[in-house]
Amino acid sequence: MATPLKDVYDEGFLLEFGRRIQSVYPSFDIQAFVASIVDESWEALALKARTRRISTKLGQFLPEDYESALDVLVNIADDCIGFPYLFFPDFVEVYGQAEEHWERSMSALELFTQKSSSEFAIRAFLLRDSTRVMDRMIAWAKHPNEHVRRLASEGCRPRLPWAESLPMFRENPAPVLAVLELLKEDPSLYVRKSVANNLNDISKDHPEAVLEVSRRWQGEHPHTDWVIRHACRTLIKSAHPDALTLFGYTQETDLTVNSSITIHPNVLSIGEACEIQYDLSIRPGDAAYIRVEYAIDFIKANRKASRKAFLLANKIVPGGARLVANRMHSWADLTTRRHYSGEHRVVLLVNGREVAEHHVMLHKSY
């Protein structure tokens, strides 16, 4: 089993970090700092809670004046690079939101995002004054460093995972779209992925806005073509007709002339796996651009169903083609999905339309 991410913050890590602080701030009490963090409640804390505890305790052991404390962190920032040091920007979020510190806090987040990431910390500032922060995002979108340009996009994603939602942008994404316009052809794939993910977030609340952007960007540049294809993935998976048309999927009600899906075994216990096989024939005539998926209506704890689709094929096939293939599917619990006993409906989808179905009876494992 993989080591939980939160375990990166062990006593050894904290002691070494304390020594780095002490090298530029000699009065820093390393032992007291570590003891204040790793107490009887430490083991139960999740990753973000551990990050927040470290940043909060830093405020107690660094100079009382915020900007003097920030000077200490800035002085060691070049030696504190990577995911574990998310508590640097988190320190800014916790202690740096006062009006008199705004400019210094923005500069600190710009610096720290180049070492780890300020995508979570910036959101508290957006919620306080989105207009002012988005003006800074516009400037960051033109920054020579790709990590800062990515912050301009990633930090204002309306539905950033693990982060607080930004309801003002879920309601009106126009300020976000203005930033993304500046980044749509960014030379960095790292940045373009963020642009696409941001647009995908927006598509869940404003599909027509994302489709309008996609139509406008399509064909402008290979980078924008990649961005919009990735940005519209949720619309494509949900078989939004305009999205399917935009990317050339064949839209015919009778696209298939014969379809079936079989599952073996179709009675199994949680944790086991089954083989899913599909067999479909495309109507004669012109070639067709198809997306083949199987979707499972997972039974949840409340006994309601929640659908999840899994891609099988995405390609152009000649008219009259027959496609036969199989896939193993695991029913083991994941951190992102828990399985429950009951009858689960499994359907075969071609360009979003159900063309065949089967059922799996899932039992508790003993």
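How do the residues of the lining of the largest pocket divide into nonpolar, polar and charged? Please bear in mind that this is a predicted model. In that lining, ten residues are nonpolar, four are polar and seven are charged.

Let me stay with this pocket. The space in the largest pocket comes to about 470 Å³. It is lined by 21 residues, and those closest to the centre are Lys48, Thr51, Leu86, Phe120 and Trp162. Three helices, H3 (47-61), H5 (87-95) and H7 (122-128), each contribute at least two residues to the lining. Of the lining, H3 gives the most, namely four residues.

I turn next to a pair of helices. Helix H1 (residues 11-24) and helix H4 (residues 66-76) have axes that come within 9 Å and cross at roughly 110°. H1 and H4 are therefore roughly perpendicular to each other. On the H1 side, Phe17, Arg20, Ile21 and Val24 take part in the contact, and they meet Val72, Leu73, Asn75 and Ile76 of H4. By class, this contact comprises six nonpolar residues, one polar and one charged.

Finally, the sheet. Three strands form an open sheet in the order S1-S3-S6, and their pairing is antiparallel. S1 (256-264) and S6 (322-330) are the edge strands, each with a single partner, so one side of each has no neighbour in the sheet. From one strand to the next, the twist averages 15°. Strand S3 (residues 273-282) is joined to S6 by nine bridges; in one of the pairs, Ala273 has Ser330 of S6 as its bridge partner.

Technical notes: Residues numbered from 1 in each chain as written. Predicted model: local features only at pLDDT ≥ 70, side-chain atom pairs only at ≥ 80, totals over all residues. Heavy atoms only, no water. Pairing = 2+ DSSP bridges. Axes fitted to C-alpha atoms, helices over the stretch in contact; angles between N-to-C directions. Parallel < 35°, antiparallel > 145°, perpendicular 65-115°, else oblique. Contact = heavy atoms within 4.5 Å. Nonpolar A, V, L, I, M, F, W, Y, C, P; charged D, E, K, R; others polar. 1 Å grid on protein atoms, 1.4 Å probe; cavity = no way out; pocket = protein on both sides within 12 Å on 5 of 7 lines; lining within 4 Å. Points joined across faces, edges and corners; volume = space filled by probe spheres on them.
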